[in-house]
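Please look through the sequence and the structure shown below before reading on.

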Amino acid sequence: MKTNYKRLNGSKNFRLRLLVSTLSSTPVIIESIRDDETLPGLRPHEISFLRLLEKVSDDCVVEINETGTKLKYKPGILIGGKGLVHDCGVSTAIGWFLEPLLVLGLFGKKGLTIRLKGITNGGDDPSVDTFKSTTLNVLRKFGVSGEGLELKVESRGVMPLGGGEVVLSVPMVHSSLTAVNWVDAGRIKRIRGVSFSCRVSVQFENKMIHSARGIFNRLLPDVHIFTDHKAGTQAGNSPGYGMSLVAETNSGCFISADSTVSREKREDEMDFDDEKEELASPEDVGEQLACVLLGEIEQGGVVDSTHQALLFLLCALCPQDISKVRVGKLSPYGIESLRLIKEFLGVTFDMKPDPHTGTVILKCMGCGLKNFSRKIS
């Protein structure tokens, strides 16, 4: 039987394209992947993601040409499984792999338990702490069982050499997700957070917390930031420090922001020269992160800007029922996700700006994706 492939171009939204392709069982051919760049083709973390898809699904076909500029991908059946291990490498953080894994794990034949190795904090993606405090709570809103849904941070690793390990457990959904009517962003009732330090003095954490609290304590009394100082094998292979903050509202919304400071590995040099790179001081990190979180709260959505794409995807995967959500200003990644959801899942969102609050209310009818992979008992 001839397979009909959907043709796409470029390296943009690579991870999201493969995720919706897998969920909708649509084979894709992606061409012209960075073919005009000095280093053409797929990056190490993108190839690693393809290998990860092969681990969690059965009978999926991946073909890459010699230069890495063309990919042929035919999704298989999601099987999940226990005791899986995947090395995410050091070209991007574990957070980049976690978001698609959370969604794929829900629609597997069995629940998913996987150990991921690499960079736990750093890069442009949310840290593992943000996934624990915020992302898992977003999934629970859609009826995902709290039992069996967890992320354990066993050791930390920052850029450039990583060395961190986390264990992700995702239960499968028994039939489908639950549609949501989630428009009340509520008011902030408390702020929680966790600071961490690896291979540096614990004083870095105290300074970050002190400067962040200096801003929050003017606004509300219930602020608690925990410390997580790692030493020895649990501290990974590189020195660094950072913090993840989450604001909880009285309507059950979680708004998060995080930041990590470590040495960046540059392409043009193998050794790290102390004089070339000026790292941000812990006081600045704490103050800037507090301001970023307040900026996210000001946007007024039920999730922060980094979680918009996940929120839209979960709404689209719901049964054929109306889901209604409120978000702040749409992020570029959120907009791209809406386009891909329409293209692959056939779900169109109705958008209505709310001029009083500066937010956007989105409504959609879910595509009714059911978990057909699971064993029918």
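## An enclosed helix

Twelve of the twelve residues of H3 are buried, so this helix is largely enclosed by the rest of the structure. The model in which this is seen is a predicted one.

## H3 beside H4

Helix H4, made of residues 128–141, packs with H3 at an angle of about 25°, and the axes of the two helices are 12 Å apart. Angles under 35 degrees count as roughly parallel, and H3 and H4 are therefore described as roughly parallel to each other. The crossing of these two helices is right-handed.

On the side of H3, the contact is made by Gly 95, Leu 98, Glu 99, Leu 102 and Leu 106, while H4 contributes Val 128, Phe 131, Thr 135, Leu 136 and Leu 139. Sorted by class, the residues of this contact are seven nonpolar, two polar and one charged. In general, an α-helix has 3.6 residues a turn, so residues three or four places apart point the same way.

## H3 beside H2

H3 also meets helix H2, which runs over residues 44–56; the axes of H2 and H3 come within 11 Å and cross at roughly 25°. H2 and H3 are therefore roughly parallel to each other, and H2 passes H3 in a right-handed crossing.

Which residues of H2 meet H3? They are His 45, Glu 46, Ser 48, Phe 49, Leu 52, Leu 53 and Val 56, and they face Trp 96, Phe 97, Pro 100, Leu 101 and Leu 104 in H3. The contact of H2 with H3 has nine nonpolar residues, together with two polar and one charged.

## H1 and its partner H8

Helix H1, which covers residues 14–23, comes with its axis within 10 Å of the axis of helix H8, residues 332–345, and the two cross at roughly 30°. H1 and H8 are therefore roughly parallel to each other, and the crossing in which H1 passes H8 is right-handed. The contact joins Arg 15, Leu 16, Arg 17, Val 20 and Ser 21 of H1 to Tyr 333, Ser 337, Leu 340 and Phe 344 of H8. By class, five of these residues are nonpolar, two are polar and two are charged.

Is H1 mostly covered or mostly uncovered? H1 is mostly covered, since ten of its ten residues are buried, and among them are Arg 15 and Arg 17 as well as Phe 14, Leu 18 and Leu 19. After H1 comes Ser 25, whose phi is positive, near 55°.

## A glycine in a loop

Gly 300 lies in the loop between helix H6, residues 282–299, and helix H7, residues 308–317. With a relative accessible area of 22%, Gly 300 is partly exposed, because buried means under 20% and exposed means over 50%.

Leaving aside residues up to four places away in sequence, Gly 300 touches Ala 185, Arg 326 and Thr 359. The C-alpha atoms of Gly 300 and Val 327 are separated by 6.7 Å, although the two residues are 27 residues apart along the chain.

How values were computed: Residues are numbered from 1 along each chain as its sequence is written. This is a predicted model: local features need pLDDT of at least 70, side-chain atom pairs count only at pLDDT 80 or more; totals for chains, interfaces and linings use all residues. Side-chain values use heavy atoms; hydrogens and water are left out. Buried means under 20% relative accessible area, exposed over 50%, partly exposed in between (1.4 Å probe, protein chains only). Helices (H or I, at least four residues) and strands (E, at least two) are DSSP runs, numbered from the N terminus. Axes are lines fitted to C-alpha atoms, for helices over the stretch in contact, and angles run from 0 to 180 degrees between N-to-C directions. Angles under 35 degrees count as roughly parallel, over 145 as roughly antiparallel, 65 to 115 as roughly perpendicular and the rest as oblique. A crossing is left-handed if the near helix is turned anticlockwise from the far one by less than a right angle, and right-handed if clockwise. Contact means heavy atoms within 4.5 Å. Ala, Val, Leu, Ile, Met, Phe, Trp, Tyr, Cys and Pro count as nonpolar, Asp, Glu, Lys and Arg as charged, and the others, Gly among them, as polar.
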